[in-house]
Structures are given as structure tokens and as C-alpha cells.
Amino acid sequence: MNKLNNTSETDHYHSVRHSHPQIEIYLLLKGAVSYTINGIKTNIKEGELMVLNAYEYHVVDADPNIPYERSVLQIPPDIIPALNEVDPIKDFFTPSNYLFIIRKDDVSKTKIKEIMQNIYDLCLEDNRYRDHLILSKIIELVIEISNIKNSISNEKKDEFSEYAHPQIYKCIQYINNNLDKKISIDDITNNLTISKSRIQHLFKDVMGYSISDYIIKQKMMAAQKFLLWDKTPFEVAHMLGYDYYSTFFTAFKKFFGYTPMDVKKYINKKSPLD
């Protein structure tokens, strides 16, 4: 699904928490917004572009005192085929690079805004080749973003972010780096300079999940991703540290409402328009 030039009330974007299986390309037209991901808060200003990797759980806050308007395109990670071993979408991300921001002055040097408007206009057309035209524009947009991203220094990439809370960041890093294991709260908090009860309270306050629920959520989102990458349910259960497939099956079905075998029926991978 895509959303473009969609103006929303800021009250609807206060501490909104979600994740999705699409990459998000987000151009802030008006307002001031922050995204908190993995315990790191990133501020986005008017005219800046953000690209967020698929499956990343994020908390969105828009300043309620400033009119808010953004242009958003959500695209499946596999919508563009790799050619000659070049995958422009994978050029966006490494395992440690789940999000990046492009400055307003850098965005203005590109055709990014124009291409996103082209995609929006195509969505409104009644044309039998519409999806093909949109895909060509998405490819053009992704390559444009990749080119400008590769020209930005690492110093610029890091200047937008700050720790929402260092101890929470450490918790999240431990969880995300150990999804292949059984994870207990004691394991997480052993190396923190804060009490177990305090970090549990802080984590729930900042992230909107208990630590235990967050562990399950991260494992389930990873499971969905692996299943879409054609791993078998049994392989995925093993990859995520489950001793018994039945335990993984039950957790997956409770979390998503469908079974691991049915994941491709419920995740739309066909078109950004559906």
C-alpha cells in the first residue's frame, strides 16, 4: 500500500507504535516529527526525507503545535528485482543501518519530490499499464535516493539521532543480537547499572511494551521475515531458539492470527497499490 500527500491531524500521531513488512520512504512536507527505533530517537525536520527498513518497530511523535503533512510511500522489499547482482533497495541497508535521513538541502538537489508526486498522480489514473508505470517510477526514486545517500558522509548520517535512554538502548541491542537464543530478563539486565524493576518500568513507558512482550514481538517479526524469504517453519523455529516447533507454532499463531504456513497468503507482496 502507498500513501502520498496525505495530511493528518497531529493528535493522531502522538506516540503511535507500529511496524510493517514494507520499506517506508517518508518525505516531511510540513511539521516536526521524531521516530524512536531500537531506543534511538531521530528527529525529522520539514523538507527532510527518511527511509526506514521493513519490520522495524518504531514510535512516531509529531509536534502537535505545528501543522503536519507528509508524503509516504511503503514498498515491499522485493518489489525491484536484482539485475547483474545489483539490488538498489539493499544498497539502503546493512544489518546495523535500519534507517537514514537525507537533509532538506540534499533532497532539493534531486528529483525525489517530483517523482513521489508522479507516483501519486499515477495512482489516480485509469490505465491498464498503471502498475508498470508506477514500478518504473519507484525504481527511479530508489536509485535517486541511493545515489544521494552514497554521497552523504557518515558524520551527516549520525547527526540526527540521540539515545532515547541509554539503558533501554542496551536492552534492545541485547535482544536484537540474541534472537536465536532463549532470552530472559535477567540475561538482559545483568550488565545494566539500573535495577530490574526500574528498567522494566522505563522500558514499558518508552517502548509501549513490556520487555517480555518485546522479545516475543521481535522474534515473531523476524519469523515472518524468514518465512517470506522461503525458510521452512521448522527452520525458522530453530533459527529463533525454540526447542519445540509446537511452542513456536502456538506463539506465531497467537501473535499474527494465522499459522506460519499461511504467511504468504496474508502478506501482500504483489503491488504497492493494493
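**Figure 1. Asp-243 and its salt bridge with Lys-182.** In this predicted model, Asp-243 is exposed, with a relative accessible area of 52%. Its salt-bridge partner is Lys-182, and the closest N and O atoms of the two are 2.5 Å apart. Lys-182 sits in the loop between α5 and α6, whereas Asp-243 belongs to the loop between α9 (233–239) and α10 (245–256), so the pair ties together parts that are 61 residues apart in sequence. Lys-182 also counts as exposed, at 61% relative accessibility.

Figure 2. Lys-181 and Asp-180 form a salt bridge, with 3.4 Å between the closest N and O atoms. Both residues are partly exposed: Lys-181 has a relative accessible area of 41%, and Asp-180 is at 42%. Asn-178 is located in the loop between α5 (166–177) and α6 (185–189). Asn-178 counts as buried because its relative accessibility, 12%, is under 20%. A polar atom of the Asn-178 side chain lies 2.7 Å from the backbone oxygen of Tyr-174.

**Figure 3. Helix α3 and its buried face.** Helix α3 covers residues 130–150. The buried residues of α3 are Ile-134, Ile-138, Leu-141, Val-142, Ile-145, Ser-146, Ile-148 and Lys-149. Viewed down the helix axis, these buried residues fall within an arc of 165°, so they line one face of α3. His-132 and Asn-150, on the other side of the helix, are exposed.

Figure 4. Lys-137 and Glu-140 form a salt bridge in which the closest N and O atoms are 3.2 Å apart. Both residues lie in α3, three residues apart, which is about one turn of the helix. An α-helix has 3.6 residues a turn, so residues three or four places apart point the same way. Lys-137 is partly exposed, with a relative accessible area of 21%. Glu-140 is also partly exposed, at 29% relative accessibility. The count of salt bridges in the model comes to six.

**Figure 5. The largest nonpolar core.** This core has 33 residues, of which Ile-25, Leu-49, Val-51, Ile-75, Ile-138, Leu-141 and Ile-145 touch the most other members. Two or more residues come from each of β3 (23–30), β6, β8 (69–75), β9 (99–102), α2 (112–123), α3 and α8 (211–228). Among the residues that Ile-25 touches, beyond four places away in sequence, are Leu-49, Val-51, Ile-75, Met-116, Leu-141 and Ile-145. A second, separate core of 31 residues includes Ile-188, Ile-199, Tyr-214 and Leu-227. In soluble globular proteins, nonpolar side chains tend to be buried together.

**Figure 6. Met-50 in strand β6.** Met-50 is part of strand β6, which covers residues 49–52. Met-50 is buried, at 0% relative accessibility. Leaving aside residues up to four places away in sequence, Met-50 touches Glu-24, Ile-25, Tyr-26, Tyr-35, Ile-44, Leu-99, Phe-100 and Ile-101. The C-alpha atoms of Met-50 and Tyr-26 are 5.1 Å apart in space, while the two residues are 24 residues apart in sequence.

How values were computed:
Residues are numbered from 1 along each chain as its sequence is written. This is a predicted model: local features need pLDDT of at least 70, side-chain atom pairs count only at pLDDT 80 or more; totals for chains, interfaces and linings use all residues. Side-chain values use heavy atoms; hydrogens and water are left out. Helices (H or I, at least four residues) and strands (E, at least two) are DSSP runs, numbered from the N terminus. The expected span of a helix is 1.5 Å times one less than its number of residues. Buried means under 20% relative accessible area, exposed over 50%, partly exposed in between (1.4 Å probe, protein chains only). The arc is that of the directions from the helix axis to the C-beta atoms. Contact means heavy atoms within 4.5 Å. A nonpolar core is a set of buried Ala, Val, Leu, Ile, Met, Phe, Trp, Tyr and Cys residues joined through side-chain atoms within 4.5 Å. A polar contact is a pair of N or O atoms within 3.5 Å; within protein, one must be able to donate a hydrogen and the other to accept it, and residues adjacent in sequence count only if both atoms are side-chain atoms. A salt bridge is a side-chain nitrogen of Lys or Arg within 4 Å of a carboxyl oxygen of Asp or Glu.
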